[in-house]
Amino acid sequence: MVPEFSYRNGVLHAEGVSVEALAEQYGTPLYVYSRAHLIAQYRALHTALERINPQIYFAIKSNSNLAVIQTMAAQGAGADVVSGGELFRARKAGVAADKIVFAGVGKTEAEIDYALREGIHFFTVESEGELDRISSRAQALGCTGRIAIRVNPDVDPHTHKYTSTGKAENKFGVDLARAEKAYEQALHLPGLEVAGLHMHLGSPIMSPTPYAEALEKVQPLCAQLKREVSTFQYLDIGGGLGIAYRPDEAPLDPRDFAAAVLPTLHALDLHVGLEPGRFFTGNAGLLVTRVEYIKENPFKQFVIVDAAMNDLLRPPLYEAYHEIVAVVETPDRLQGDVVGPVCESGDFLAANRELPAVSPGGLLAVMSAGAYGFVMASNYNTRGRAAEIMVNGERAELVRARETWDDCVRGERIPDWTVTH
Ligand SMILES: Cc1ncc(COP(=O)(O)O)c(C=O)c1O
């Protein structure tokens, strides 16, 4: 458990605030974020790379609550966005347009127009077709689209197949062999400025080695572009920095990461950007849930809680492990699964685990839930999405209200012919 979450007199606290008290006041399921952890992680990474003064673009897909984005922006972070909606959020949270980079394989014309009008720092371009599209939209709007081509370096990040993005078979980026041609194309297209090169290998990456390998692969192309293209000044090395999800897991230490990447980055002498998300947000958040029932069948015990896969999708989607602890400490243990009320066998938060034995009415905390938690939540089974709280020392503030059933049906319309033939 990270230091910002700890037990005080046997009760789990987020910084100085009792998680039990938060659950009483705001109900469950409830996401709780620690502002101090977000800041500590930002500083640890920035300090490790201080010699090259990197621009950190916080990957807001990991947690796009406005209060979280603004906390990161106040530290100096920009934003890595992957949709018009995320660009809207970043701007709403006060991120300067020239600190925003826009990734994603399927940018629509409307999204490109919006980003061009806002004047973002650059698009990370995923295909030759996208170069054409940005060029024609920039001409139509009478402006310039700055671009960095996302190069897929074909490096194995040794992570889950669904979160691996930098291997040759993945849909992301342009492979190295084609990248040179793509840059040629970009240099000849009107309305474009070739600003840099981008890569992202996947996540979570627990070792610095894949980053070093990938940098070695893209270094010759970067050096050549820097020599030949005066506007080529930026190298964005992506995100994916791993965190500890298990108590015995060693997170990627930013100092080891820095030691692995700095030699190549120094040699290249480009402005360096990086775009982690979970490294900041993952262990900044937990999901509090109340135990509803304990049920047994001939095979195992089920702890049935009020949070479900619609609140936290990572366990069924990625077979991800989240540590589960009691909010009020107990020495008692049971063996079983933690499951939600959603009507799917895949609706589990933990499988075949030794767990704290908490009776119905008691509280559990699902740890490391700050990244890809609430942002992946849905209304499946017409469950309103959970409330979100941010803690700052002794203070706690509701940063997103719990959705009501009315919220769940807002926007739906019943045509007047549904009951006629
Ligand atoms: C292009 C890009 N950058 C950054 C990230 C952030 O990854 P992480 O939150 O693991 O750092 C992702 C994650 O999907 C991504 O696709």
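Buried means under 20% relative accessible area, exposed means over 50%, and partly exposed lies in between (1.4 Å probe, protein chains only). This is a predicted model: local features need pLDDT of at least 70, side-chain atom pairs count only at pLDDT 80 or more, and totals for chains, interfaces and linings use all residues. Residues are numbered from 1 along each chain as its sequence is written, and side-chain values use heavy atoms, with hydrogens and water left out.

**View 1. Asn53 and Asn9 have positive phi values.**
Most residues other than glycine have a negative phi. Asn53 is not a glycine, yet its phi is positive, at about 45°. Asn53 sits in the loop between H2 and S5. Helices (H or I, at least four residues) and strands (E, at least two) are DSSP runs, numbered from the N terminus. Asn53 counts as exposed because its relative accessibility is 59%. Asn9 also has a positive phi, of about 50°, without being a glycine. Its place is the loop between strand S1 (5-8) and strand S2 (11-14). With a relative accessible area of 84%, Asn9 is exposed.

Most peptide bonds are trans. Pro29 lies in the loop between helix H1 (19-26) and strand S4 (30-34). Pro204 belongs to the loop between strand S11 (192-198) and H8.

**View 2. Ser64 is a buried loop residue.**
The loop that holds Ser64 runs between strand S5 (55-59) and helix H3 (66-75). Is Ser64 buried or exposed? Ser64 is buried, because its relative accessibility is 12%. Which residues does Ser64 contact, leaving aside its neighbours within four places in sequence? They are Ile69, Arg89 and Val375. Contact means heavy atoms within 4.5 Å.

**View 3. Helix H2 crosses helix H3.**
Two packed helices are described by the angle between their axes and the distance between the axes. Axes are lines fitted to C-alpha atoms, for helices over the stretch in contact, and angles run from 0 to 180 degrees between N-to-C directions. The axes of H2 (residues 35-48) and H3 come within 10 Å and cross at roughly 40°. H2 and H3 are therefore oblique to each other. Angles under 35 degrees count as roughly parallel, over 145 as roughly antiparallel, 65 to 115 as roughly perpendicular, and the rest as oblique. H2 passes H3 in a right-handed crossing. A crossing is right-handed if the near helix is turned clockwise from the far one by less than a right angle, and left-handed if anticlockwise. From H2, the contact takes in Arg35, Leu38, Ile39, Tyr42 and Arg43; from H3, Val68, Thr71, Met72 and Gln75. By class, the contact has five nonpolar, two polar and two charged residues. Ala, Val, Leu, Ile, Met, Phe, Trp, Tyr, Cys and Pro count as nonpolar, Asp, Glu, Lys and Arg as charged, and the others, Gly among them, as polar.

**View 4. Helix H5 meets helix H6.**
H5 covers residues 109-118 and H6 covers residues 128-141. Their axes come within 10 Å and cross at roughly 55°. That angle makes H5 oblique to H6. The crossing is right-handed. H5 brings Glu109, Ile112, Asp113, Leu116 and Arg117 to the contact, and H6 brings Arg133, Ile134, Arg137, Ala138 and Leu141. Five of these residues are nonpolar, none is polar and five are charged.

**View 5. Helices H8 and H9 pack together.**
The axes of H8 (residues 209-228) and H9 (residues 254-268) are 9 Å apart, at an angle of about 10°. H8 and H9 are therefore roughly parallel to each other. Their crossing is right-handed. In H8, the contact residues are Tyr211, Ala212, Leu215, Gln219, Cys222, Ala223 and Lys226. In H9, they are Phe257, Ala260, Val261, Thr264, Leu265, Ala267 and Leu268. The classes come to 11 nonpolar, two polar and one charged.

How many disulfides does the structure hold? It holds zero. A disulfide is a pair of cysteine sulfur atoms within 2.5 Å. Cys343 is exposed, at 64% relative accessibility, whereas Cys408 is buried, at 13%.
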